[in-house]
Amino acid sequence: MEITKRQVGDVCILDMDGKLTIGTGDVRLRGVLLDELNDGQKKVVFNLENVKVIDSSGLGELIRSRATASSMDADIKLLHVNLKARKLLTMARLVGVFDMFDDEAMAIAAFET
């Protein structure tokens, strides 16, 4: 998994490309997110547009990421969650846990509400 960081105003966008799976994507995501949070970042968008596969460990990492961010008074939004990942979140009854967007500008604006 490759993760590229972009900054739009005070929002950090993490563009992910590859597989969010056990032992690769989940570990990479955890490290990048912790670096951002430890640097004081409070608003993070996970752009999942180019994530091909999310397994249960990847889903667990999304949940852990949200909990970690929340404990550090930060927030995470999900952008471009594909149909397969939405089904996985629905089956795990986690749809309401995450704010999900299909438009980057709307995801960024959602931090202001």
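View 1. Helices (H or I, at least four residues) and strands (E, at least two) are DSSP runs, numbered from the N terminus. After H1 comes Gly40, with a positive phi near 95°.

The model is predicted: local features need pLDDT of at least 70, side-chain atom pairs count only at pLDDT 80 or more, and totals for chains, interfaces and linings use all residues. Residues are numbered from 1 along each chain as its sequence is written, and side-chain values use heavy atoms, with hydrogens and water left out.

View 2. Gly25, Asp26, Leu29, Val32, Leu33, Glu36 and Leu37 are the buried residues of H1. Buried means under 20% relative accessible area, exposed over 50%, and partly exposed in between (1.4 Å probe, protein chains only). Their cover includes strands S1 (2–8), S2 (11–20), S3 (43–54) and S4 (75–79), and helix H2 (56–71).

**View 3. H1 and H2 are roughly parallel to each other.** Their axes come within 10 Å and cross at roughly 10°. Axes are lines fitted to C-alpha atoms, for helices over the stretch in contact, and angles run from 0 to 180 degrees between N-to-C directions. Angles under 35 degrees count as roughly parallel, over 145 as roughly antiparallel, 65 to 115 as roughly perpendicular and the rest as oblique. From H1, Asp26, Leu29, Arg30, Leu33, Leu34 and Leu37 meet Ser57, Glu61, Leu62, Arg64, Ser65, Thr68 and Ala69 of H2. Contact means heavy atoms within 4.5 Å.

**View 4. Ser65 of helix H2 is buried.** The relative accessible area of Ser65 is 1%. Leaving out residues up to four places away in sequence, Ser65 touches Leu29, Leu33, Phe46 and Ile76.

**View 5. Asp55 sits in the loop between S3 and H2.** Asp55 counts as partly exposed, at 21% relative accessibility. Not counting residues up to four places away in sequence, Asp55 touches Leu20, Thr21, Ile22 and Leu88. Asp55 and Ser65 are ten residues apart in sequence and 15 Å apart in space, C-alpha to C-alpha.
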